[in-house]
Amino acid sequence: MLVRDFVNRQLYDKAAGYFAARVGIHRLSAPIDFQSLRGQYEYLARVDALYEANEAGQESWHTPAEILRPFYGRAIARCALEALDRKDLGVGGLTIVEAGGGNGTLMRTILDHLREDTEAVYDRTSYHCVDISDAMLGRQRQQASDGGHSDRVHFHHSSFLTWDGVKRGLLKQPGQAVVVLATEVLDNLAHDKVVYGQDGSCFETRVRVEPSGHMHEEFLPVQDPLVLDCLAHMPRPTLAAASSPSSWFGRLFARAVPAAKEAFVPTGALQFLRAVQQIAPDRLILADFHSLPDTIDQVSRSGSRVPNAPVVQRRSPSGGSGSVACSTYLVPMGHYDIFFPTDFGWLQRVHNARPHQLAPQVLNQPDFLRRFLSPQDLLLGQTRSGFNPLLEDYLNVSFFMT
Ligand SMILES: C[S@@+](CC[C@H](N)C(=O)[O-])C[C@H]1O[C@@H](n2cnc3c(N)ncnc32)[C@H](O)[C@@H]1O
């Protein structure tokens, strides 16, 4: 099977995939009171303590939407409202489509903000939550109900990549601005893997799982349309900085095609962008990691970097905030999270390749929050030493917005 099908199975298999079996996104019972913390040390200790408090047997991860609540959602709400201003519709409304909303924290914070600050817009807002996980949708439903927003939130149990909301006419409210939103979703979308030969040839990678459970890679001349489409927007690697494919089969193959170089290609993100293009939103807001520590090429210390290589890790069996990172993505099903850094330059190139697209902007997280939060909010996010997690944590996260 193609690498993306393998990764999808490892993560999303209904019975034994990582998301079905193990993961939850930790929800804070109350927002962190940043102003009561002494400084960076106390902030980090606080986040660490959250990992310790995991539900029994569950791994959980803390996203900026949760840790930096409510400021993160407030900034995104203001960014969404700009789309409405652009439409110049007076008292229009918003249709927000959030892909992969996790606990529903962002949805709750955004709708709370609209209700408090721009009631006329809130009254004409509808919110669509599209999530591949039924369990996560359950949490989103609960959040909407707890916040008193149930009458305007619609829940769709579907992969966003195949969601048929446009076909069903769900988004065509006259005079409304449509905003599509996804935070920390691209990182879990599957990638494919290619290997370049020294002669410029390119091979797609397939994973073979033997009945014994042993897994290895096989290489075929690239032919998958999605992989080819992705590659059209990726620079070809310089083969001087060559590495060998990591598997046994790959090493054999590399003898025939010396100085091969590997790369992961974001086929899941391409499917995501194609789904967004169907919706043709007035604004698209994506946030994700532009770089990650402990990717498989860094852990294997092979010396050469593999573009878009994933992190493959599980929480430390001894508990706490520690994690164990692997040097390969060929891991047993259900135990490991597999997530990828996002190549924002590639996203821009794919987006710009379509005619009549609104020009996208890429901002790192502190710049995004500085732009959309009020000075008062920025002050509320500051600890007593002056350290401000809104501006000084998650420095490897960027926003893409049209
Ligand atoms: C890491 S969580 C991020 C949650 C939330 N956006 C946040 O920032 O806290 C990823 C979420 O995306 C969902 N998800 C993953 N792949 C998806 C897909 N193809 N379509 C829709 N939702 C997806 C997961 O179920 C989960 O709710």
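Student: Among contacts between residues at least 6 apart in sequence, what share join residues at least 24 apart?
Tutor: In the protein chain, 75% of those contacts do. Keep in mind that this is a predicted model.

Student: OK. How many helices and strands are there in the protein chain?
Tutor: There are 16 helices and 16 strands.

Student: And how much of the chain is buried?
Tutor: Buried residues account for 41% of the 402 residues.

Student: Which ones are buried in H1?
Tutor: Val-3, Arg-4, Phe-6, Val-7, Asn-8, Gln-10 and Leu-11.

Student: New topic, the ligand. How many residues surround the ligand, and which are the closest?
Tutor: The ligand is surrounded by 22 residues, and the closest are Thr-63, Gly-100, Gly-102, Ser-133 and Thr-183.

Student: Which helix and which strand each supply at least two residues of that shell?
Tutor: Helix H4 (64–67) and strand E4 (126–131) each do.

Student: How do H6 and H8 pack?
Tutor: H6 (residues 105–117) and H8 (residues 134–146) pack at about 20°, with their axes 9 Å apart. So H6 is roughly parallel to H8.

Student: Is the crossing left-handed or right-handed?
Tutor: H6 passes H8 in a right-handed crossing.

Student: Which residues meet there?
Tutor: From H6 you have Thr-105, Met-107 and Arg-108, and they meet Gln-140, Gln-143 and Ala-144 of H8. The residues of this contact divide into 2 nonpolar, 3 polar and 1 charged.

Student: Is Ala-280 buried or partly exposed?
Tutor: Ala-280 has 14 other C-beta atoms within 10 Å, so this residue counts as partly exposed.

Student: And what about phi of Tyr-394?
Tutor: Tyr-394 isn't a glycine either, yet its phi is positive, about 55°. Look for Tyr-394 in the loop between helix H16 (389–392) and strand E16 (397–401).

Student: Why does Tyr-394 count as buried?
Tutor: Because Tyr-394 has 20 other C-beta atoms within 10 Å, and the cut-off for buried is 20 or more.

Student: Last one, Asp-343. Where does Asp-343 lie?
Tutor: Asp-343 is in the loop between strand E14 (337–339) and helix H13 (344–353). With 21 C-beta neighbours inside 10 Å, Asp-343 is classed as buried.

Student: What does Asp-343 touch, leaving out residues up to four places away in sequence?
Tutor: Asp-343 touches Pro-266 and Asn-308.

Student: And how far is Asp-343 from Ser-291, between C-alpha atoms?
Tutor: Their C-alpha atoms are separated by 8.4 Å, with the two residues 52 apart along the chain.

Definitions and conventions:
Residues are numbered from 1 along each chain as its sequence is written. This is a predicted model: local features need pLDDT of at least 70, side-chain atom pairs count only at pLDDT 80 or more; totals for chains, interfaces and linings use all residues. Axes are lines fitted to C-alpha atoms, for helices over the stretch in contact, and angles run from 0 to 180 degrees between N-to-C directions. Helices (H or I, at least four residues) and strands (E, at least two) are DSSP runs, numbered from the N terminus. Angles under 35 degrees count as roughly parallel, over 145 as roughly antiparallel, 65 to 115 as roughly perpendicular and the rest as oblique. A crossing is left-handed if the near helix is turned anticlockwise from the far one by less than a right angle, and right-handed if clockwise. Two residues are in contact if their C-beta atoms, placed from the backbone, lie within 7 Å. Ala, Val, Leu, Ile, Met, Phe, Trp, Tyr, Cys and Pro count as nonpolar, Asp, Glu, Lys and Arg as charged, and the others, Gly among them, as polar. A residue is near a molecule or strand if its C-beta atom, placed from the backbone, lies within 6 Å of it. A residue is buried if 20 or more other C-beta atoms lie within 10 Å of its own, exposed if 12 or fewer, and partly exposed in between; C-beta atoms are placed from the backbone.
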